[in-house]
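Q: Could you walk me through this one, starting with the sheet and then moving on to the rings?

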Amino acid sequence: MGYKVPVPPACCTVGPNLCCLFPGIPEPAEDGSWGNEMAELQVTERTTDPAHSNGRFTISTLISTEDSGRPHYGQADMAAYDTAQASHLTHNSTFYMRTFGYNTIDVVPAYEHYANTKCSSESKKGRPTLADLHSFLKQESSHLHPPPYEAHRNSGLSGGEAEEEAEEAGEKSQGEPVRFGWVKGVMIRCMLNIWGVILYLRLPWITAQAGIALTWLIILMSVTVTTITGLSISAISTNGKVKSGGTYFLISRSLGPELGGSIGLIFAFANAVAVAMHTVGFAETVRDLLLEYNSSIVDPTNDIRIIGVITVTVLLGISLAGMEWEAKAQVLFFFIIMISFINYIVGTIIPASQEKQAKGFFSYRADIFAQNFVPNWRGADGTFFGLFSIFFPSATGILAGANISGDLKDPAVAIPKGTLVAIFWTTISYLVISATIGACVVRDASGNVNDTISAGSLGCEGIACGYGWNFTECAQSHSCHYGLINYYQTLSMVSGFAPLITAGIFGATLSSALACLVSAPKVFQCLCKDQLYPVIGFFGKGYGKNDEPIRGYMLTYVIAIGFILIAELNTIAPIISNFFLCSYALINFSCFHASITNSPGWRPSFRYYSKWAALFGAVISVVIMFLLTWWAALIAIGIVVFLLGYVLYKKPGVNWGSSVQAGSYNMALNYSMGLNEVDDHIKNYRPQCLVLTGPPNCRPALVDFVGTFTKNLSLMICGNVMTGPHKQKLSELRLTSRCHLKWLSKRKIKAFYTDVLAEDLRTGAQILMQASGLGRLKPNVLVIGYKKNWQTAHPQTVDDYIGLLHDAFDFKYGVCLMRMKQGLNISRQMQAHINPLFDPAEDPQKNGSSSAVIGTLDPDAMVTEQQASTIFQIDQGKKTIDIYWLFDDGGLTLLIPYLLGRKKRWGKCTVRVFVGGQINRMDEERKALISLLSKFRLGFHEVHILPDINQKPRPEHVKRFDDLIAPFRLNDGFKDEMVVNEMRVGCPWKISDEEVAKNKAKSLRQVRMNEILLDYSRDAALIFITLPIGRKGRCPSSLYMAWLETLSQDLRPPVVLARGNQENVLTFYCQ
């Protein structure tokens, strides 16, 4: 059955108006066939190697032979399109022709489109842009070309394999980096780090102190924290591709750089100290061996230091040799430890020799188990949480695999699997060893083979008496050198062959020290590369195929030696417990926070976690921190808070899509929705301003004025109406929007920015006034700049400007109109974008219907340019803020100056309030106003009554006003309204003689007010005046602008003409 070709529209026979849209495409012949160009194209596409589409779905089998000779619908138009751009005829176009039956620049889903990697030979090619598909395809577009690795790959490869091939191709010049699977890279590494020094040297001692029952509780408490943390790590590590940096990377990419950076620094330091802890454990074992043979280097304490420094130096050499050698050493240590475990179990079964019995070992005995089941606290560390603090660092090894995440083949698989398996088997080993050693060895033994007695002898105390041994004397004097509570090398004594246990101790301590020595620089390197803190960037440099942090190794080495010199294991262990617990708390909190925010980006492939379990793990980690050592917990938290505060202050320019961002969005959304449930109240009124700034950097004074009184108080939105050709302006919108926000941020203005495309300013402003804001967070005051050049501008732009004010009142907005003597628009000096409807006098184009660009719009220059200084950034000292509250507008004219006066730069200014009044009632009116202002609690105490406000202005000032409106008068000779309307067609801004006469008193009022302003407020810092209102449809725009011009002219300080929406914004009631 053949493929049926739909009939194309009438313009041409190949698709919807294709010939009309693309004139370069040849017209089909009268019989509907195509010319040679298309025939050749068809042959070319049919003869392409079919192997390119192996494994892909194609519809070539659906096309019948009779249809194959002519172009198909959709195929012809895109093929012709590619004919016009022959350079784009590539394998891709052929591939999509065979796949979909028509040629297209659209691409099928592919791994490469979502990956951040790039090929070494050429920059990555991705999917076409929306403009390529929707608008036009640029000649230089490379979207039709396949990525260099796509054309050569087997179509059966997965996206991940394809990316690996691409990465490998780029890395062959440096050699193959070492990558590990979940067993070798995570499980073995975690098990070795968990087993560590505590297992061999302190677990028997902890069992003797706490008893088997409480030792199991200590183990299970630790395992509970680590298991929950392991589940959280598993969830975080499977929520996206994990790179190098381990724990720091997981926390920082989840909670953001603030907490991630602080915990990364602490965790790297804790691992460096852990190197010292495990090395000291190894050195203790060597020291004890030397003492058994009555030999030493210097003395017992200095021997530990000497051996420790030598050991950590050798471990550093292994680390510097590369990850491959380090991994081989870890596998060797693992087998040694497994052999030592087998040796220990065999030793507990073999009947005890007399020498071992003298040291307290009697094989499995129920009464020994019963005695050791309960605690017997001794010494300064003989408390439950004291022992817990010593044991807990052994559980911290669960992060050893995650810390080398950059060296794993697939961290998302290896970290969860390897970590959880390691926790399970190490927990079993701890519980088994604790129970078995507690069932075989008594707490106190002298080690003297002559301390035997006959059964039933008097004067013998202790369970060993029943087995023919009298350890009473040393037990009572606490001078026994052997036994479970006195001899750290008990496991060696119990084992079948003691040197194997010693080898196990060497393997466990050295492997743990080696793992921490590798982990600390890896974590620190990632932190250094992110450049969250100063100075440390020096240590971020990597070397070799594995990007080894050589400088980080040396720093870790120095820190480890510093703590090795302490030479006391029980002192070092509690130091790092709080740091590791702090890390665990944040890892668990990261998992909880990411889950609770319900971010669509939180999609871990590991499902076996619970957000509430993660929260419990975070809380219990903090609780344990304080139960262990409260002062150390405060220090750890203090360091975290200090580092957090530094990053918050610095605000690094990184964006990792953290759960903190998602949480902020949720909070903002919930609070915004919550505001809708509460009705507005006058007490909570805030002036939420929509400021028509145009590009904010062009009118910094207007931005600073509003930003001063809205900062940390209310909403401020900078609106920009862009007029002109939509294609040009669309690209400009995308280019500049983010830059304007950055400019506002750099100026420390807390405001939003929004721009709209519109035919003219008034239409755009109407859109902004209706659509800006969200719920209750919606503007209620419109702030605009004064149109300084209204006399020379096109009269229609003046009409639109005044119409904008009318629109604001129609939408129940308050209005603030600001005028400065030097003007507001500084775009000419900045060579930046101009919106001519604000100030077209500075626009080289006389026609105000389109925008202009002077010079080149450079977004980077916009952000980095020197910030223009304005009066609102300067301390005003003891000047005055003068308020002319001429008409009651609801109180907005008073409220804005009050909010401005609360700011530091304006706080010393005296606020003066002027109102009109009658000369014979001045005292009464002044007292009444003072009483009203005191009820408003604004703190305005200087009140002036203007009795001469109704006096006639000076004749020269009246003449100046008449001259001002003369060019806009219709001079109709007081004709009737119908005739006037006919004369006004095409020029609605003209002023009729009737309108001049009707508004004469109001006009003279403005002239007189200007005289008063010049008399009283010539030296004020800022002047607020109630904005006069011209009745819509009755007051021509030119007459209204003449009022505003006359009222505010010749004044040195900035003038703000304010008018509320005639609804109360002030109240003196408390409810």
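A: Gladly, and please keep in mind that this is a predicted model. It contains an open sheet of 10 strands with mixed pairing, in the order β3-β2-β1-β4-β5-β12-β11-β8-β9-β10.

Q: Which strands stand at the edges, and why is one side of each left without a neighbour?

A: The edge strands are β3 (752–757) and β10 (942–946), and because each has a single partner strand, one side of each has no neighbour in the sheet.

Q: How are neighbouring strands turned against each other?

A: On average, neighbouring strands of this sheet are turned by 20° against each other, with direction ignored.

Q: And what joins β9 to β10?

A: Strand β9 (residues 910–916) runs parallel to β10, and 5 bridges join the two. Within this pairing, R912 has E942 in β10 as its bridge partner.

Q: Which helix packs there, touching β9 and β10?

A: That is helix α32 (residues 922–936), which packs on the sheet in contact with β9 and β10, and whose direction makes about 140° with that of β10. Helix α27 (residues 761–771) also packs on the sheet, where it touches β1 (689–692), β2 (716–722), β3 and β4 (781–785), and its direction makes about 150° with that of β2.

Q: OK, switching to aromatics: how many pairs does the structure hold?

A: There are 34 aromatic pairs in the structure. One of them is formed by F606 and Y608, which are edge-to-face at 5.7 Å centre to centre, with 75° between the planes.

Q: Are those two buried or exposed?

A: F606 has a relative accessible area of 13% and is therefore buried, the cut-off being under 20%. Y608, in contrast, is exposed, because its relative accessibility of 67% is over the 50% cut-off.

Q: What about F705 and F709, how do their rings sit?

A: Their ring centres are 5.3 Å apart and their planes are at 65°, so this pair is edge-to-face. Both residues lie in helix α25 (residues 700–710), 4 residues apart, which is about one turn of the helix. F705 is buried at 0% relative accessibility, and F709 is buried too, with a relative accessible area of 1%.

Q: Which rings link into a cluster?

A: Ring pairs link W195, Y200, F334, F335 and F341 into a cluster.

Technical notes: Residues are numbered from 1 along each chain as its sequence is written. This is a predicted model: local features need pLDDT of at least 70, side-chain atom pairs count only at pLDDT 80 or more; totals for chains, interfaces and linings use all residues. Side-chain values use heavy atoms; hydrogens and water are left out. Rings of Phe, Tyr and Trp (its six-membered ring) pair if their centres lie within 6.5 Å; planes under 30 degrees apart count as stacked, over 60 as edge-to-face and the rest as tilted. Buried means under 20% relative accessible area, exposed over 50%, partly exposed in between (1.4 Å probe, protein chains only). Two strands pair if DSSP finds at least two bridges between them. Axes are lines fitted to C-alpha atoms, for helices over the stretch in contact, and angles run from 0 to 180 degrees between N-to-C directions. Contact means heavy atoms within 4.5 Å.
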